[in-house]
Amino acid sequence: MSQKSGARFTEKQGHYLAFIYTYSHMFGRPPAEADMQRHFGVSPPSVHQMIVTLERNGLIRRQADIPRSIEILVPPENLPILSWLGIKPSKSL
């Protein structure tokens, strides 16, 4: 659970962060909560609670009442799944 930047997150949180990063990179915009629900196979309240938790822990930032406004605050190189997959973080995100 320890990351170089000092940001701390669970393995599950890391999976959500990596998904958000990868989706944003692939589609040019952050995922909707429905996209995460489909990907992780969980209920809408589960996804929403995870997003609230990530935001409360300072791992993401959102703009109120603006869909798809998730911004990851963790350096991409600290996302564990990305290093495992060998994905090179894009500087454009």
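Helices α1 and α2 pack at an angle of about 120 degrees, their axes 11 Å apart. That angle makes α1 oblique to α2. The crossing of the two is right-handed. These values come from a predicted model.

**The α1–α2 contact**

Helix α1 spans residues 11–27, and helix α2 spans residues 33–40. On the α1 side, the contact is made by His 15, Tyr 16, Phe 19, Ile 20 and Tyr 23. On the α2 side, Asp 35, Met 36, His 39 and Phe 40 take part. Sorted by class, this contact has 6 nonpolar, 2 polar and 1 charged residues.

**The α2–α3 contact**

Helix α2 also meets helix α3, which covers residues 44–56. The axes of α2 and α3 come within 9 Å and cross at roughly 115 degrees. The two helices are therefore roughly perpendicular to each other. The crossing of α2 and α3 is right-handed. Glu 33, Met 36 and Gln 37 make the contact from α2. From α3 come Pro 44, Val 47, His 48 and Ile 51. By class, the α2–α3 contact has 4 nonpolar, 2 polar and 1 charged residues.

**Aromatic pairs**

How many aromatic pairs does the structure hold? There are 4. Two of them are described here.

Take Tyr 16 and Phe 40. Their ring centres lie 4.0 Å apart and their planes stand at 20 degrees, so the pair is stacked. A pair counts as stacked when its planes are under 30 degrees apart. Tyr 16 lies in α1 and Phe 40 in α2, so this pair ties together parts that are 24 residues apart in sequence.

Is each partner buried or exposed? Tyr 16 has 3% relative accessibility and therefore counts as buried. Phe 40 has a relative accessible area of 25%, so Phe 40 is partly exposed.

The pair of Phe 19 and Tyr 23 is tilted. The ring centres of Phe 19 and Tyr 23 are 5.8 Å apart, with 45 degrees between the planes. Both residues lie in α1, 4 residues apart, about one turn of the helix. Phe 19 is buried, and Tyr 23 is buried too.

Which residues do the ring pairs link into a cluster? They are Tyr 16, Phe 19, Tyr 23, Phe 27 and Phe 40.

**The loop between β1 and β2**

Strand β1 is 60–61 and strand β2 is 71–72. The loop between them holds Asp 65, and Arg 68 sits in the loop between β1 and β2 as well. Each has a positive phi: Asp 65 is a residue other than glycine, and Arg 68 is not a glycine either. The values are set out below.

| Residue | Phi | Relative accessibility | Class |
|---|---|---|---|
| Asp 65 | near 60 degrees | 82% | exposed |
| Arg 68 | about 55 degrees | 27% | partly exposed |

The cut-offs settle the classes. Exposed means over 50% relative accessible area, and buried means under 20%. Asp 65, at 82%, therefore counts as exposed. Arg 68, at 27%, counts as partly exposed.

Methods:
Residues numbered from 1 in each chain as written. Predicted model: local features only at pLDDT ≥ 70, side-chain atom pairs only at ≥ 80, totals over all residues. Heavy atoms only, no water. Axes fitted to C-alpha atoms, helices over the stretch in contact; angles between N-to-C directions. Parallel < 35°, antiparallel > 145°, perpendicular 65-115°, else oblique. Left-handed = near helix turned anticlockwise from the far one by under 90°. Contact = heavy atoms within 4.5 Å. Nonpolar A, V, L, I, M, F, W, Y, C, P; charged D, E, K, R; others polar. Phe/Tyr/Trp six-rings, centres within 6.5 Å; stacked < 30°, edge-to-face > 60°. Buried < 20%, exposed > 50% of the residue type's maximum accessible area, 1.4 Å probe, protein only.
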